[in-house]
Amino acid sequence: MFIEKLQKDNANLIDAACRLHQEGKLLPDSYVVDLEQFRKNASFMKKAADDKGIRLFFMLKQLGRNPVLAKELVEMGYEGAVVVDYKEAQVMMRHRIPIGNVGHLVQVPQGMLRNMVDYGPEYITVFSEEKAKAVSQAAVSLGKVQKLMIRVCDDSDMMYSGQTAGIPLKDLPRFLEHTMGYQGIRVAGVTSFPCYLFREDLGDIAPTANLRTVMRAVDILEKHGIKAEIVNTPSATCTRTIGLMEGQGGNCGEPGHGLTGTTPAHAVMDLPEKSCVAYISEVSHNFDGRGYCYGGGFYRRSHVANALVGRDLRHLRCMKVMPPSLESIDYHFGLEEPCQIGETVVMAFRYQIFVTRSDVVLLEGVAEQKPVITGIYDSLGNVKQG
């Protein structure tokens, strides 16, 4: 999906990955990250957001919940993380990373609520009155007041399978009337997902029906005397989306793939953020007229199509990839023709490292063609080397 963009925008990363792999320093099933380009991408978005008064909470599930990258972003001035689930929250808590929002895709379990409130996320998102009451009880027991975001929904909204949740707009007034009486919490804003997406028919990022729902929810809050200090409108957050948010709604985004130049928009548009991640494998064997390379990093929505195969940048050849069927374990990726055992395989596709068994390899010195591995981590942010 992104291999042509990677060749165009960051051939040095491909070169670095090939060299390190052929030198035996890089194992297959590794995602390599060009730290310098990552920082540039983050700075482009931070400046665009600051100029327009948009808040940004970074999301690192895509990059394996990596604590080093989280610390880099905090040092750059990002307010904190938005965590996809409570397990990602635990990673950030262990490394003392500020949490901007937790709970908007996966609720905080009851047994973790007190610890979470005690840690001090700026916002906890809830889907139900029961969860709001549980947050209230945890906050009261700690002598705190916890700000809440409400995930809202309506009949016309888009929801991904496995993510169905939210307070319907028709039920929001009753929800507010009930929860306004709870001690220890304060409703501070609303959210939904996804509010912006890349549309192939337009060739651009555009708002979804969810954004209209969020803005209607803001009006409902105001009618109940509640100012929505945060209007969180995530998905596809990058410099292009930030520009749209200023006029169409929302004051908070969640850059994830934008940090690595790999939103769907980046595949077809020339945006400030450039590709800084490559997936590296190795030819394992040949069988029945095809080559096979090591797997482990496959994501079902990756749209992987092509790979570069060879031993150095000058001699890479492009060939089609046959990913495993969706019901199968991704032990290997198929390649359209036989290859030499041990050749490097470079891919660039849409990824979600936290659901894989891959390694994350951080590289410095890519632009200067003097790549150095500064750390290797597993897919959940644990140190393996460095």
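1. A cavity, in the sense used here, is a set of points on a 1 Å grid over the protein atoms alone where a 1.4 Å probe fits but cannot get out, and its lining residues are those with an atom within 4 Å of a point. The structure discussed is a predicted model, in which local features need pLDDT of at least 70 and side-chain atom pairs count only at pLDDT 80 or more, while totals for chains, interfaces and linings use all residues. Residues are numbered from 1 along each chain as its sequence is written, and side-chain values use heavy atoms, with hydrogens and water left out.

2. The search of the whole structure for cavities of 30 Å³ or more returns one, and the largest cavity holds about 40 Å³ of space, where grid points are joined across faces, edges and corners and a volume is the space filled by probe spheres set on the points. Its lining is made up of Lys 5, Asp 9, Gly 261, His 266, Met 269, Asp 270, Leu 271, Glu 273, Lys 274 and Ser 275. By class, this lining divides into two nonpolar, three polar and five charged residues, with Ala, Val, Leu, Ile, Met, Phe, Trp, Tyr, Cys and Pro taken as nonpolar, Asp, Glu, Lys and Arg as charged, and the others, Gly among them, as polar.

3. A pocket, by contrast with a cavity, is an open set of points with protein on both sides within 12 Å along at least five of seven lines. The largest pocket contains about 1,300 Å³ of space. It is lined by 45 residues, of which Tyr 160, Tyr 299, Arg 301, Arg 350 and Gln 352 are the closest to its centre. Two or more lining residues come from each of β9 (196-199) and α11 (264-268), and α11 gives the most, with three; helices (H or I, at least four residues) and strands (E, at least two) are DSSP runs, numbered from the N terminus. The lining of this pocket comprises 20 nonpolar, 16 polar and nine charged residues.

4. The largest nonpolar core has 93 residues, and within it Ile 150, Leu 172, Leu 335 and Met 347 touch the most other members. Such a core is a set of buried Ala, Val, Leu, Ile, Met, Phe, Trp, Tyr and Cys residues joined through side-chain atoms within 4.5 Å, where buried means under 20% relative accessible area, exposed over 50%, and partly exposed in between (1.4 Å probe, protein chains only).

5. Val 304 is found in the loop between β14 (290-294) and β15 (306-310) and is buried, with a relative accessible area of 11%. Residues up to four places away in sequence aside, Val 304 touches Phe 298, Val 321, Pro 323, Phe 333, Met 347 and Phe 349. Val 68, in helix α4 (residues 67-75), is partly exposed at 28%.

6. On cysteines, the structure holds zero disulfides, a disulfide being a pair of cysteine sulfur atoms within 2.5 Å. The sulfur of Cys 293 lies 8.3 Å from the closest cysteine sulfur, that of Cys 339, and is therefore too far away for a bond. Cys 293 counts as buried, at 0% relative accessibility. Cys 318 is likewise in no disulfide, since the nearest cysteine sulfur, in Cys 339, is 12 Å away.

7. Some backbone details deserve a check by eye. Phe 193 and Pro 194 are joined by a cis peptide bond, with omega about -5 degrees, and Pro 194 sits in the loop between β8 (185-191) and β9. Asp 29, which is not a glycine, has a positive phi near 60 degrees; the residue lies in the loop between α2 (11-22) and β1 (30-34) and counts as buried at 9% relative accessibility. Ala 236 also has a positive phi, of about 60 degrees, without being a glycine. Ala 236 is located in the loop between β11 (230-232) and α10 (239-248) and, at 16% relative accessibility, counts as buried.

How values were computed. Contact means heavy atoms within 4.5 Å.
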